[in-house]
Amino acid sequence: MASEQQLSAIKGAKVLMVGAGGIGCELLKTLALSGFQDIHIIDMDTIEVSNLNRQFLFRKSHVGQSKAKVARDAVLRFRPHISITPYHANVKDSDFNVDFFKQFNVVLNGLDNLDARRHVNRLCLAGGVPLIESGTTGFLGQVTVHIKGKTECYECQPKPAPKSYPVCTITSTPSKFVHCIVWAKDLLFAKLFGDKNQDNDLNVRSSDATSSSEHAEDVFERKKDEDIEQYGRRIYDHVFGYNIEVALSNEETWKNRARPKPLYIRDVLPIELIQQNGNADKSFVADDSSSVSAMASLGLKNPQDIWSLRENSRVFFEALRLFFVKREKEIGNLSFDKDDQLAVEFVTAAANIRAASFGIPLHSLFEAKGIAGNIVHAVATTNAIIAGLIVIEAIKVLQNDANNYRMTYCLEHPSRKMLLMPVEPFEPNKSCYVCSETPLLLEVNTSRSKLRDFIEKIVKAKLGMSFPLVMHGPDLLYEVGDDLEEDMVANYEANLEKVLSELPSPVSGGTILTVEDLQQDLSCNINIKHREDFDEEKEPDGMVLSGWTKEKDKTTSTENGASTSNASEAVSLETNASEAVSLETKEDSDIEIVPTGIESVDTGKKRKLPEMSDATIPDSSKNELHEIDDDDDGDDLFMLDDGNSDGSKKKRLQ
């Protein structure tokens, strides 16, 4: 039974939940049954059939509706006197700013992607609001507590870069279905529907363009007065036919490999079926662009069916047609999103057609979505356990019971007869650029790299800023915002295409750039170091960001004689959710985060951990994907690497 003090803290609390998916459903139920009276939920997703096996607040009749709103209605049926406020929106929307977060006593995260997690972490830090993070994957789970100035923030430990693949493998010699997914998602989808100015390794020259022509026509450009059917056939024949023939022309490549088969639409799909696609959706009416579906239009119902080559080709054409008919205004600004049904359908179909050409087994949409979105599906029981642990920690936070805060990890196999491993939180990392404002160092060739490269590859991709502002002393080099005047927007756009040394306020070695995100209330300084040459294999982007390091500790002995280093490395989930985003090694990084020689911090007393069995250590070599996310908010676990990092030893919260 809860004490009077606990009941008082619970009833007087105003709580924000971010995510109403696998963990979110369990969490909302547990909060309501525990006596919480004022709960707010943010979730941008709608309910899918695949959610129903574990997100128990939803029913088949709810498919297509807002998760946050349906979850609210479901809980109010058995707790009608509490207040639950749903927001069917993206937590990164400008409405959810620092002032919005400040109204809550605690924030409970159940998100499914790194970008949103970092965003919430920064808003909680800016507002001084306690954050409880969580995640699950299969039988593994975690709950971590983040209090500004007292514990590590979510970003105190750097995240390894996503898994990358050699361009030649993706464009010419795929051998796994994941290679086809990467090609379909990052090359073809981006080329057809994304930013036309972005570099892309797809062959854009048509078969009738001479190799000597410097002005060869871009085959992906839709010609004036060209109907969608003709355009689609031309794209299909180019990427699945002509490009394969070009690859086959290099005999040396195929000496020890199976030769792919060029696919042309005339051999796969009769023209009558392509024309039928345009009439397939007469009975299908979409309420909004996000619900447009090629599957629904073609009468394909089960996402776990593996489509034939002909069916994949029909989905390819129908998805392409629907993008131009229903979502034409978005073309040019789209990026792949695993929650975008039409995008997933297009990528699945394109990847399967390419797989068929290279003799790779085809996959269902359900499987393809898992690969494209880096999804590992969750277990309902794990979600329930983690939700209960979140509420336990939330009650401690509301009572300011800092001595009893715990980061708890749910293990798949018992260790010393324990499936739940509680660990005391650790102090903030003094090298963290987010909560400790430590300056970073960027090695870059200032005469070659453009401001656009710096913003896209460092500020957005590495630092996670959504609305960046870049300053050199008092001079503003770049800014985004709806309230900017046209001449300012034009100036900033022009700056993007200039190399750093040729900006109005030139950037050279020794320059200090200030980067801010006003929405996140985050600012950090970056010291620029000019460097002429970079290793093209290890540093393909021509820049290396450093200074964001894991704290290094001296190894001390535990009572049982084992070193703290060994003990801490033996716990597969021990360090916390902010420790890593990957099972991949650092060698896969596109832009590598490396130590800068900052003096190690004497971290004093180390925690003592029981010896763990080998069963708790994940085998990172078996994983191909760079993140583990589930297909709904809150069903993911950001796991540690293989335990060889010397950053796994950190200072305990005193």
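Colleague: In S12, which residue is the bridge partner of Pro468?
Modeller: Here, helices (H or I, at least four residues) and strands (E, at least two) are DSSP runs, numbered from the N terminus. Strand S10 (residues 468–472) runs antiparallel to strand S12 (residues 512–517), and five bridges join them; two strands pair if DSSP finds at least two bridges between them. In S12, Pro468 has as its bridge partner Asp517.

Colleague: Before we go on, what pLDDT do local features need?
Modeller: Residues are numbered from 1 along each chain as its sequence is written, and side-chain values use heavy atoms, with hydrogens and water left out. This is a predicted model, where totals for chains, interfaces and linings use all residues, side-chain atom pairs count only at pLDDT 80 or more, and local features need pLDDT of at least 70.

Colleague: Which residue in the turn between S10 and S11 has a positive phi?
Modeller: S10 also pairs with strand S11 (residues 475–479), in the antiparallel sense and over four bridges. Leu469, for instance, has Glu479 as its bridge partner in S11. The two strands form a hairpin with two residues between them, and the one in the turn with a positive phi of about 60° is Gly473.

Colleague: How many of the five residues of S10 are buried?
Modeller: Buried means under 20% relative accessible area, exposed over 50%, and partly exposed in between (1.4 Å probe, protein chains only). S10 is mostly covered, and the number of its five residues that are buried is four.

Colleague: Let's move to the open sheet; which strands are its edge strands?
Modeller: Eight strands make up this open sheet, with mixed pairing, in the order S3-S2-S1-S4-S5-S6-S7-S8. The strands that pair on one side only are the edge strands, strand S3 (83–87) and strand S8 (418–423).

Colleague: By how many degrees are neighbouring strands of this sheet turned against each other on average?
Modeller: Axes are lines fitted to C-alpha atoms, for helices over the stretch in contact, and angles run from 0 to 180 degrees between N-to-C directions. For neighbouring strands of this sheet, though, direction is ignored, and the average turn is 20°.

Colleague: Which residue in the hairpin of S7 and S8 takes a positive phi?
Modeller: Strand S7 (residues 407–415) and S8 run antiparallel, joined by five bridges. Thr408 stands opposite Pro422 in S8. This hairpin has two residues between the strands, and the residue with a positive phi near 50° is Arg416.

Colleague: At about what angle does H5 run to S5?
Modeller: Two helices lie across strands here: helix H3 (residues 67–76) lies across strand S2 (38–42) and S3, running at about 165° to S3. Helix H5 (residues 114–127) lies across strand S1 (14–18), strand S4 (106–109) and strand S5 (131–137), and its angle to S5 is about 165°.

Colleague: Are H7 and H13 roughly parallel or oblique to each other?
Modeller: The axes of helix H7 (residues 177–193) and helix H13 (residues 341–357) come within 8 Å and cross at roughly 125°. Angles under 35 degrees count as roughly parallel, over 145 as roughly antiparallel, 65 to 115 as roughly perpendicular and the rest as oblique. The two helices are therefore oblique.

Colleague: How many nonpolar residues are in the contact of H12 with H13?
Modeller: Helix H12 (residues 309–326) packs against H13 at an angle of about 140°, with the axes 8 Å apart. That makes the pair oblique. By class (Ala, Val, Leu, Ile, Met, Phe, Trp, Tyr, Cys and Pro count as nonpolar, Asp, Glu, Lys and Arg as charged, and the others, Gly among them, as polar), the contact has one charged and four polar residues, and the nonpolar ones number 14.

Colleague: Is Glu26 buried or exposed?
Modeller: Glu26 is found in helix H2 (residues 22–34). Glu26 touches Phe56, Ala380, Asn383, Ala384 and Ala387, not counting residues up to four places away in sequence; contact means heavy atoms within 4.5 Å. Its relative accessibility is 8%, so Glu26 counts as buried.

Colleague: Finally, what percentage of the residues of the protein chain count as buried?
Modeller: The protein chain has 18 helices and 15 strands. Of its 654 residues, the share that count as buried is 54%.
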